Amino acid sequence: FLLRTTAAEEAFEDNGVRCQYRQIKDKAFSGLTVWLKFPTEDEAKHFCDVHQDCVGYHLHPHTRLWYVHPPNAELTADEITKGFVAYKKRELTCESSTEEL
């Protein structure tokens, strides 16, 4: 899965979708591709909320960056992921605030 260059530009376009996430300690997403990195959790969550293909994000405790991941990523746990905090998108909780209007 390759990220188009326009995805970074679209990162903060707000389509009104908000999702809930399950917090998972000592696990991290692993896969062939890291989608993007963000300096804050709010930015990573917002990107994941508005992009249907985002499965979740995690905090890397050493870089202090938030990494968002595409659909092929899976949650893994091992010695390396101790101290990580992952947030897995709960697809059924995603709602659009524009539907309420």
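A disulfide here is a pair of cysteine sulfur atoms within 2.5 Å. The model on screen is predicted, and by that rule it holds two disulfides. With the bonded cysteines of the chain numbered in sequence order, the pairing reads 1-4, 2-3.

Select Cys19 and Cys94. Their sulfur atoms lie 2.0 Å apart, and the two residues form a disulfide. Turn the view to look along the S-S bond of Cys19 and Cys94: the angle about it is 115°, and the link is right-handed.

Is Cys19 buried or exposed? Cys19 has 6% relative accessibility and counts as buried, because the limit for buried is under 20%. Cys94, at 24%, counts as partly exposed.

Next, select Cys48 and Cys54. A disulfide joins them, with an S to S distance of 2.0 Å. Which hand does this link have? The torsion about the S-S bond of Cys48 and Cys54 is about -95°, so this disulfide is left-handed.

Keep the surface on for these two residues. Cys48 has a relative accessible area of 0% and is buried. Cys54 is buried as well, with a relative accessible area of 0%.

**Last view**

Display both links together: Cys19 with Cys94, and Cys48 with Cys54.

Technical notes: Residues numbered from 1 in each chain as written. Predicted model: local features only at pLDDT ≥ 70, side-chain atom pairs only at ≥ 80, totals over all residues. Heavy atoms only, no water. Buried < 20%, exposed > 50% of the residue type's maximum accessible area, 1.4 Å probe, protein only.
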